[in-house]
Amino acid sequence: MIAVTINFNAIAQITDDQFYQLCRENPDVKFERNAQGEIIVMSPTGGETGNRNFEIATDFGIWNRQTKLGVCFDSSTCFKLPSGANRSPDVSWIEKSRWDALTTEQKQKFPPIAPDFVLELMSPTDSLKDTQDKMEEYMNNQVILCWLINRKTRRVEIYRQGQEKEILASPTELSGEDVLPGFVLNLQAVWE
């Protein structure tokens, strides 16, 4: 459960289409790409983290089906961020009109859009600094609201556009605020 970063920049600049093809030709490997063009090979999560990710995504899916305000995505979705990075958040959401503005081809490949909301659930072996850097990258790419959930320390970092990050110790729930109106994530199952 460790990410490995590979820098091919000295020998080749990998285009968006080549990166997409690399991912399609290696479906059992999860790739991301940072804004510098370095390829990040992500390992699969363990059982506990995978279960918590599923439970969290289910809550988002139920809320979104009821409100019909946007589109939810799981960790297998890779987005092409404005910085050039390709990232796959654990859970993400895009407001419906923004999603609908994309072409069919853009929706089928790696959508060239930053989600409105991103959630990352740290695995036990994830680096806190690397994950915090990724959260800052999301904010720099105009994601409106980000949650970083750290089960090991029972802390949540909330990132909002134009504000300092907020750190909560052992919260029982998180509000989607005005980005995800009416959504509340119960954290009891996450902390167990």
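Predicted model: local features only at pLDDT ≥ 70, side-chain atom pairs only at ≥ 80, totals over all residues.
I begin with helix α1 (residues 16-25), whose buried residues are F19, Y20 and C23. Buried here means under 20% relative accessible area, exposed means over 50%, and partly exposed lies in between, with a 1.4 Å probe and protein chains only. Seen down the axis of α1, these buried residues fall within an arc of 100 degrees, so they line one face of the helix; the arc is that of the directions from the helix axis to the C-beta atoms. D17 and E25, on the other side of α1, are exposed. The cover over the buried residues of α1 includes β2, β3, β6 and α4 (104-108).

Residues are numbered from 1 along each chain as its sequence is written, and side-chain values use heavy atoms, with hydrogens and water left out. Helices (H or I, at least four residues) and strands (E, at least two) are DSSP runs, numbered from the N terminus.

I turn now to strand β9. 6 of the 6 residues of β9 (residues 145-150) are buried, so the strand is largely enclosed by the rest of the structure. In a regular strand the side chains alternate between the two faces of the sheet. Here L145, W147 and I149 point one way, C146, L148 and N150 point the other way, and all are buried.

Which strands pair with β9? Strand β8 (residues 117-121) runs parallel to β9 and is joined to it by 5 bridges; pairing requires that DSSP find at least two bridges between two strands. Within this pair, L121 has I149 of β9 as its bridge partner. From β8 the chain passes through helix α5 (residues 128-140) to β9, a right-handed β-α-β crossover: with the strands pointing away from the viewer, the path from the first strand over the helix to the second runs clockwise. Strand β10 (residues 155-160) pairs with β9 in the antiparallel sense, over 6 bridges, and Y159 in β10 is the bridge partner of C146. The hairpin of β9 and β10 has 4 residues between the strands, and R154 there takes a positive phi near 55 degrees.

At the N-terminal end, S127 caps α5, with a side-chain oxygen 3.4 Å from the backbone nitrogen of K129. After α5 comes Q142, with a positive phi near 75 degrees.

Next, a residue of strand β10, E157. Is E157 buried or exposed? E157 is buried, at a relative accessible area of 8%. Its side chain makes a polar contact of 2.5 Å with the side chain of Y159, and a polar contact of 3.4 Å joins the side chains of E157 and K165. A polar contact is a pair of N or O atoms within 3.5 Å; within protein, one must be able to donate a hydrogen and the other to accept it, and residues adjacent in sequence count only if both atoms are side-chain atoms.

Finally, K68, in the loop between α2 (47-67) and β4 (70-74), has a positive phi of about 55 degrees although it is not a glycine. K68 counts as exposed, at 61% relative accessibility.

Note on methods. Contact = heavy atoms within 4.5 Å.
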